[in-house]
Amino acid sequence: MARIADLTNDIAVRALRWRDGDPIQFEVKDKTRKGFYIRISKGGKKRWYFRYTKKRKVRAYSLGAFPEISCAKAFSKYEDAREEVDNGGDPYLAKKKAKEVEKKEKQRSEFTLKVLFYDHYMPRYSKPNLRTWKNDETYFETKIEPAIGKLPADEVSPKDVEKLVMPMERDGHYATARLTLATLRKIYNWAAKSSSAVNPGDGPLLDVPNPCRHYELGEPPPPPDRVFSEDEIAKLWSRLGNSNTGKIAKLQLLTGCRVSEVAGMQWSEIDFDAKTWLLPRSRAKNKKLALLVPLSEKMLELLDHENDSDYVFPADSMLDHTTPTGVLQMIKRSCKE
């Protein structure tokens, strides 16, 4: 049989205790207020409740814990809940729905553009399917993530895209603006497809329009027609030095090959007797045709120091090659000087 007490006095409620023979959790009802009670556990925890019936279902609506919620506050919350029930409402169900909305809102706010990119787009789409996945990674890490990576993925707006891309375009970095915009557009195009669903049968990761859809780049600047004179090439050559990055840049000047192709050169690709460098198709840009590059004496001079690495221009770890980024940075510094 439930115990009954006056639940209007904090001191009296504080004195309520679990007694031998009581269930692990027992209820103490208020003397006069229907459905108003406090539940007390064997460990001493106390929580207020309002019990009512709605559509033949008995609801136990929590009003908070004692003593954080005093008797007066608990009674006030009880009165509000009872009035809601009298007016046809269901405070228990309303609170449950509010918690579900709050949970979804938290999950949505935690699903940032950064999470979309690193946890979904890159491992599930870009790396397995795109030969240019490295470009996606580079432009996201250096341009997109610092600016809008922390925004919820479904909150990125056309205005955010404009703020991201327009300064690059305005400052003359047209190619960077174009590739940054293309990367962001790819991410949202994929996330809005049904194939992006985490589980088969689920909807796409995002159900929002692509925020890049309205942004159009202006006309690209005319291609540069500025070339180095022989005198300028000689000055640049002297500044490049004999480090790995310098030798890679010199071989670019001599061969006309791309920085990634020269930086990744391996000893196995070079035939010193035939004076040729066979660039395999796996490392060529189109991945279709191998390229046989004849090597002049000047080129061979840059390759005369073998090392313990498979690469002609190894990184400090010796396990990989010097990165194209380091070469380009060094060339920029040398040109500026």
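Mentor: A residue counts as buried when its relative accessible area is under 20%, as exposed when that area is over 50%, and as partly exposed in between, with a 1.4 Å probe and protein chains only. By that rule, 36% of the 337 residues of the chain count as buried. This is a predicted model, in which local features need pLDDT of at least 70 and side-chain atom pairs count only at pLDDT 80 or more, while totals for chains, interfaces and linings use all residues. Residues are numbered from 1 along each chain as its sequence is written, and side-chain values use heavy atoms, with hydrogens and water left out.

Trainee: How many helices and strands does the secondary structure of the chain come to?

Mentor: Helices (H or I, at least four residues) and strands (E, at least two) are DSSP runs that are numbered from the N terminus. In this chain there are twelve helices and eight strands.

Trainee: What is the radius of gyration of the chain, and what would a compact globule of 337 residues have?

Mentor: The radius is taken over C-alpha atoms, and the globule rule is 2.2 Å times the number of residues to the power 0.38. A compact globule of 337 residues would come out near 20 Å, whereas this chain has 35 Å. The C-alpha trace spans about 105 × 50 × 40 Å along its principal axes.

Trainee: Which residues have the most contacts inside the largest nonpolar core?

Mentor: In soluble globular proteins, nonpolar side chains tend to be buried together. A nonpolar core is a set of buried Ala, Val, Leu, Ile, Met, Phe, Trp, Tyr and Cys residues joined through side-chain atoms within 4.5 Å. The largest one here has 26 residues, and Leu113, Leu116, Val161 and Leu184 have the most contacts inside it. Helices α4 (113-129), α5 (133-148), α6 (158-170) and α7 each supply at least two residues of this core, and α7 gives the most to it, with seven residues. There is also a second, separate core of 25 residues, which includes Leu240, Leu251, Val262 and Ala284.

Trainee: Where is Thr183 placed, and is Thr183 buried or exposed?

Mentor: Thr183 sits in helix α7 (residues 174-191), and it counts as buried because its relative accessibility is 4%. Contact means heavy atoms within 4.5 Å, and, with neighbours within four places in sequence left aside, Thr183 is in contact with Asp136, Tyr139 and Ile144. Leu113 also touches Ile144, and among its other contacts beyond four places in sequence are Phe140, Leu184 and Tyr188.

Trainee: Where is Ser195 found, and is Ser195 buried or exposed?

Mentor: Ser195 is in the loop between α7 and α8 (230-240), and it counts as exposed because its relative accessibility is 55%. Beyond four places in sequence, Ser195 touches Arg124 and Trp190. Ser195 and Pro128 are 67 residues apart in sequence, and their C-alpha atoms are 14 Å apart in space.

Trainee: Which residues does a cis peptide bond join, and what is the phi of Lys55?

Mentor: The cis bond joins Phe66 and Pro67, with omega about 15°, and Pro67 lies in the loop between β5 (57-66) and α2 (71-86). Lys55 has a positive phi of about 50° although it is not a glycine; its place is in the loop between β4 (46-54) and β5, and at 77% relative accessibility it counts as exposed. Lys275, in the loop between β6 (270-271) and β7, has a positive phi near 55° and is likewise a residue other than glycine, but Lys275 is partly exposed, with a relative accessible area of 35%.
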